[in-house]
Amino acid sequence: MKEQELNDLLSAFNKKITSTSDFNKKLFGELQMQKSALALDNLRFWRIIELIFAVVVQLFLGSFLYANRESLSLTISAAILMFFVILEIINNVRQLVLISQFDYAKKVTENQAALVALQTHIIGFLRLMALQLPFFLAYILIGFKVFFNVDIWTEGNKNWLLANLILSVLFIPVSIWTYRQISARNIDKRWVAVLIESAGGKKVSEAMKFLNEIKNFKSE
Amino acid sequence: MNKDNSFEQIISQHQGILWKVANLYCQNEEDRKDVVQEMQIQLWHSFDKYDSNFKHSTWIYRIALNVAISFYRKNSVKENRTTTLENEEIAVSPAEISETENHLSLLEKFISELKELDKALMLLYLEEKSHSEIAEILGISTSNVATKINRIKENLKRRFAEEK
């Protein structure tokens, strides 16, 4: 096909999609009352729920730490988990700020990337979980204390504790590797897609693919 | 002039933009009406923050395209990508379809299969917007606009050649 032929066809297509309907002037008066179908209320709702849950967990860990301040192992365990919960709280607050500042008048690629970032919040959570892998012993120590009132660090089998400590160290490179792998650029890797879809559903992986499309679109 | 009046005046002048964007992204009439209404809502909410450094059309295109793409993605209408615009005028028997009409129908199909952002780019190109304005609306470099338009047009030509 020649350039001119294509241009003529594009011009005909342009005419075809150019149509207007009667403008509903009454609508203007009602616009303030209209509810947006694209409203970010759903995202806002879930971020608030997560924030409340994280604050409750943080309060629990704080009181746990205070009650067990005599035990160094339990204090350190609670402090480690509190650190990760604080990161989650910060992440949630940042998301809520982004939602409140969301603006459809931004450049298309910027706006769509911001929307995808909000929709793929679960990725941040998964990456945070990956970083916690070497600290799994902290969960075990707190779990034993909460459910069985046993300080497993002082009362547990020393070989078992040593094996867990070695495992924790071995988990460090695994944790860092996993943290780096969980990102939009790796969404085509099957295990990453399965992990993300099992945590956030197909919509999240679709959103991440769209993020890659935006990046490709912006690059020359 | 109060907010209502100035808003009404601006939108009335540019209402064609909203319908054009809706026509490009939505396959059925109901979706088109919904998306245009959504555009109006977002335009209204954004009106107070309108930056007078930009043309009205730039502001409207940004919001219209952002809303249409978001709406399109939210409703997961990708399965309809290969369908063409509803138009009874071209719904004639194959024997009656001229080569031009056939090509136009194919062009609609190819454009409907473009990625969301490429569609936006083509729409602005068809509107004869300058490369700098297209770049400003989409958020890409001016040189990238030219590169991408050429790439899409070459791709369209290749698709037509494959159909022959």
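Student: Among the elements of chain B, which has the lowest mean pLDDT and which the highest?
Tutor: pLDDT is the predictor's confidence in each residue, from 0 to 100, and elements are DSSP runs numbered from the N terminus: helices (H or I, at least four residues) and strands (E, at least two). Among the elements of chain B, the lowest mean, 86, belongs to helix 1 of chain B, and the highest, 95, to helix 6 of chain B.

Student: What kind of model is this, and what pLDDT do local features need?
Tutor: Residues are numbered from 1 along each chain as its sequence is written, while chains are lettered from A and ligands numbered from 1 in the order in which they are written. This is a predicted model in which totals for chains, interfaces and linings use all residues, side-chain atom pairs count only at pLDDT 80 or more, and local features need a pLDDT of at least 70.

Student: Which stretches of chain B have a pLDDT under 50?
Tutor: Chain B averages a pLDDT of 84, and 86% of the residues score at least 70. Where pLDDT is low, the predicted coordinates should not be read in detail. The stretches under 50 include residues 77-84 of chain B and residues 86-92 of chain B.

Student: How many helices does chain B have?
Tutor: Going from the N terminus, the elements of chain B run α-α-α-α-α-α-α. Chain B has zero strands, and its helix count is seven.

Student: Which helix gives the largest share of the side of chain B that touches chain A?
Tutor: Here 51 residues of chain B are in contact with 40 residues of chain A, a contact being two C-beta atoms, placed from the backbone, within 7 Å. That side of chain B splits into 24 nonpolar (Ala, Val, Leu, Ile, Met, Phe, Trp, Tyr, Cys and Pro), 13 charged (Asp, Glu, Lys and Arg) and 14 polar residues (the others, Gly among them). The largest share, 11 residues, comes from helix 3 of chain B.

Student: How many of the 19 residues of helix 3 of chain B are buried?
Tutor: Buried means 20 or more other C-beta atoms within 10 Å of a residue's own, exposed means 12 or fewer, and partly exposed is in between, with C-beta atoms placed from the backbone. Helix 3 of chain B is largely enclosed by the rest of the structure, because its buried count is 15.

Student: What is the packing angle of helix 6 and helix 9 of chain A, and are they roughly parallel or antiparallel?
Tutor: The axes are lines fitted to C-alpha atoms, for helices over the stretch in contact, and angles run from 0 to 180 degrees between N-to-C directions. Helix 6 (residues 121-132) and helix 9 (residues 158-181) of chain A have axes 8 Å apart and an angle of about 170 degrees. Under 35 counts as roughly parallel, over 145 as roughly antiparallel, 65 to 115 as roughly perpendicular and the rest as oblique, so this pair is roughly antiparallel.

Student: Is B:Glu128, with its positive phi, buried or exposed?
Tutor: B:Glu128 is not a glycine, yet its phi is near 60 degrees. B:Glu128 sits in the loop between helix 5 and helix 6 of chain B. With 8 C-beta neighbours inside 10 Å, B:Glu128 counts as exposed.
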